[in-house]
Amino acid sequence: MKNYKTLITKYKTQLDKDPRSRAFAPLAEIYRKVGMTDEALRILKRGISFHPNFGAAIIIYGQILLEENELEEAYTTLKPQLNLNGDNLKFLKTFAQVCIRRNFILEALNTYKRVLFISPRDEEASEFVSKYDNFDSLEEEDLTQQTFDISNLDNEIESWNTLSLVPKEEPEVEEVIELSLIHISEPTRRTPIS
């Protein structure tokens, strides 16, 4: 294990001189690595309040939340940052892991597809996409296979008989013309530029 004492002193000194310094992110990462999670979270929350779109800090924060099994907070922290950090592999993989742990398989699948777009040989993403690419449950994202219940088939067929195939009445052509004439305004006159 590395000796982080010198780096901790360096980053703490920078933060003491300038509390808005971005040195909070590497300091929090060191704290995360040595198991000082509470201190890392405290520093991250304060630093992110000054730098809400600082990608490195958001990733570290998301990783800690994932490690601490704070999945809802991890998801709500990372999700809004997806477009800003959509090309950062570490961010995407952290977000995908949060989605998997929350059982948001389609979201994880789409995230891993982004990973493959950036890094086509990424094994983790490739395996996940291969396994779940045909996952089609839009309503309930879970890993269990949906079973088909034949006992409900009669009810479903019954509902098909009540479908109306007659199109809804369209407005008369005259009504449409009247409505479109209301929105026509007089042409504007242009004055020549002198």
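Here are some notes on this predicted model, point by point.

1. Ground rules. Residues are numbered from 1 along each chain as its sequence is written, and side-chain values use heavy atoms, with hydrogens and water left out. Since this is a predicted model, local features need pLDDT of at least 70 and side-chain atom pairs count only at pLDDT 80 or more, while totals for chains, interfaces and linings use all residues.

2. Overall make-up. The protein chain has ten helices and zero strands; helices here are DSSP runs of H or I with at least four residues, strands are E runs of at least two, and numbering starts at the N terminus. Of its 194 residues, 35% count as buried (under 20% relative accessible area; exposed is over 50% and partly exposed lies in between, with a 1.4 Å probe and protein chains only). Among contacts (heavy atoms within 4.5 Å) between residues at least 6 apart in sequence, 46% join residues at least 24 apart.

3. Confidence. The chain averages a pLDDT of 80, and 69% of the residues score at least 70; pLDDT is the predictor's confidence in each residue, from 0 to 100. Helix 6 (residues 89–101) comes out highest with a mean of 97, and helix 10 (residues 173–182) lowest with 47. For residues 137–150 the pLDDT is below 50, yet this stretch has 18 contacts in the model beyond near neighbours in sequence. Residues 159–166 are also below 50, and there the count of such contacts is zero.

4. Helix 4 against helix 5. Two packed helices are described by the angle between their axes and the distance between the axes. For helix 4 (residues 55–67) and helix 5 (residues 71–78), the axes come within 8 Å and cross at roughly 160 degrees. Axes are lines fitted to C-alpha atoms, for helices over the stretch in contact, and angles run from 0 to 180 degrees between N-to-C directions. The pair is therefore roughly antiparallel (over 145 degrees; under 35 is roughly parallel, 65 to 115 roughly perpendicular and the rest oblique). The crossing is left-handed, meaning that the near helix is turned anticlockwise from the far one by less than a right angle. Ile58, Tyr61, Gly62, Leu65 and Leu66 of helix 4 meet Leu71, Glu73, Ala74, Thr77 and Leu78 of helix 5. That contact has seven nonpolar, two polar and one charged residues (Ala, Val, Leu, Ile, Met, Phe, Trp, Tyr, Cys and Pro are nonpolar, Asp, Glu, Lys and Arg charged, and the others, Gly among them, polar).

5. Helix 5 against helix 6. Here the axes come within 10 Å and cross at roughly 140 degrees, so the two helices are oblique to each other. This crossing is left-handed. Helix 5 brings Leu71, Ala74, Tyr75 and Leu78, and helix 6 brings Phe91, Thr94, Phe95, Val98, Cys99 and Arg101. By class, that gives eight nonpolar, one polar and one charged residues.

6. Two asparagines to look at. Most residues other than glycine have a negative phi. Asn69 has a positive phi near 60 degrees; its place is the loop between helix 4 and helix 5, and it is partly exposed at 48% relative accessible area. Asn103 has a positive phi near 70 degrees, lies in the loop between helix 6 and helix 7 (105–118), and is partly exposed at 29%.

7. Phe50. Phe50 is found in helix 3 (residues 37–50) and is partly exposed at 27% relative accessible area. Leaving aside residues up to four places away in sequence, Phe50 touches Pro19 and Arg20. Arg20 is 30 residues from Phe50 in sequence and 6.3 Å away, C-alpha to C-alpha.
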